[in-house]
Amino acid sequence: WLIPSFAVAPTAPNSTDCHIEYDGNYWLAQPWRSLSGDIDHTRLCLYRQATLSAILSNPGITRKDLSTHLPIFTEAQIDRMLSSLELDGCITRHTLYQPQSSSLFSAFSQQVLCEYYLPSTMAIGG
């Protein structure tokens with residue numbers, strides 16, 4: 001009875017984002033937002049720097065590999081940070097079709113879309 005009740009629900013049917021309902025108010029669950037809904041810019045800057053540092057130290061990293069380097073974030077949160085860094089010109093996104101692994105007796109191998117990220121010259125200090 002001392003701990004207030006809250007509910008966590010997805011924002012859309014197939015979304016990885018969640019919102020928290022507390023006393024009739026809804027918050028999007030993001031680590032850089034306070035419960036009042038304000039953005040903690042210091043924390044957001046640190047998270048963006050961690051994402052950019054992972055890309056700088058591993059050029060050509062994929063989103064899946066980023067989620068293993070930054071396990072405290074969900075895929076939706078990583079997507080938000082990547083799109084933010086891309087809009088600021090710190091990184092560039094590239095797409096590549098890779099053949100899916102096949103066996104010796106398979107008829108054909110399908111191609112899989114792979115996105116990878118590279119640091120831009122602005123992020124490196126140019």
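Me: What share of the 126 residues of the chain count as buried, and what makes a residue "buried"?

Reply: The share is 23% of the 126 residues. Buried means a relative accessible area under 20%, exposed means over 50%, and partly exposed is in between, using a 1.4 Å probe and protein chains only. A word on the model: it is predicted, so local features need pLDDT of at least 70 and side-chain atom pairs count only at pLDDT 80 or more, while totals for chains, interfaces and linings use all residues. Residues are numbered from 1 along each chain as its sequence is written, and side-chain values use heavy atoms, with hydrogens and water left out.

Me: How many helices and strands are there, and what makes a stretch count as one?

Reply: There are four helices and six strands. Helices (H or I, at least four residues) and strands (E, at least two) are DSSP runs, numbered from the N terminus. Along the sequence, the pattern reads β-β-β-α-β-α-α-β-β-α.

Me: Why are Tyr-47 and Phe-73 called an edge-to-face pair?

Reply: A search of the whole structure finds one aromatic pair. In that pair, Tyr-47 and Phe-73 sit 4.9 Å apart, centre to centre, with 75 degrees between their planes. Rings of Phe, Tyr and Trp (its six-membered ring) pair if their centres lie within 6.5 Å; planes under 30 degrees apart are stacked, over 60 edge-to-face, and the rest tilted. Tyr-47 is in helix α1 (residues 41-57) and Phe-73 is in the loop between α2 (63-69) and α3 (75-87), so the pair ties together parts 26 residues apart in sequence.

Me: How do you know whether Tyr-47 and Phe-73 are buried or exposed?

Reply: Tyr-47 has a relative accessible area of 17%, so Tyr-47 is buried. Phe-73 has 7%, so Phe-73 is buried too.

Me: What makes α1 and α3 "roughly perpendicular"?

Reply: Their axes come within 10 Å and cross at roughly 80 degrees. Axes are lines fitted to C-alpha atoms, for helices over the stretch in contact, with angles from 0 to 180 degrees between N-to-C directions. Angles under 35 degrees are roughly parallel, over 145 roughly antiparallel, 65 to 115 roughly perpendicular, and the rest oblique. Hence α1 and α3 count as roughly perpendicular.

Me: Which residues of α1 and α3 meet, and how do they divide by type?

Reply: Contact means heavy atoms within 4.5 Å. Tyr-47, Arg-48, Thr-51, Leu-52 and Ile-55 in α1 meet Met-81, Leu-82, Ser-84 and Leu-85 in α3. These residues divide into six nonpolar, two polar and one charged. Here Ala, Val, Leu, Ile, Met, Phe, Trp, Tyr, Cys and Pro are nonpolar, Asp, Glu, Lys and Arg are charged, and the others, Gly among them, are polar.

Me: Which residues of α3 are buried, and what do they pack against?

Reply: They are Ala-76, Gln-77, Ile-78, Met-81, Leu-82 and Leu-85. These buried residues pack against α1, α2, β5 (91-99) and β6.

Me: How do you know whether Gln-111 and Thr-121 are buried or exposed?

Reply: Gln-111, in strand β6 (residues 111-119), has 53% relative accessibility and so counts as exposed. Still, Gln-111 touches Tyr-97, Gln-98, Pro-99 and Gln-100, not counting residues up to four places away in sequence. Thr-121, in helix α4 (residues 121-124), has 61%, so Thr-121 is exposed as well.
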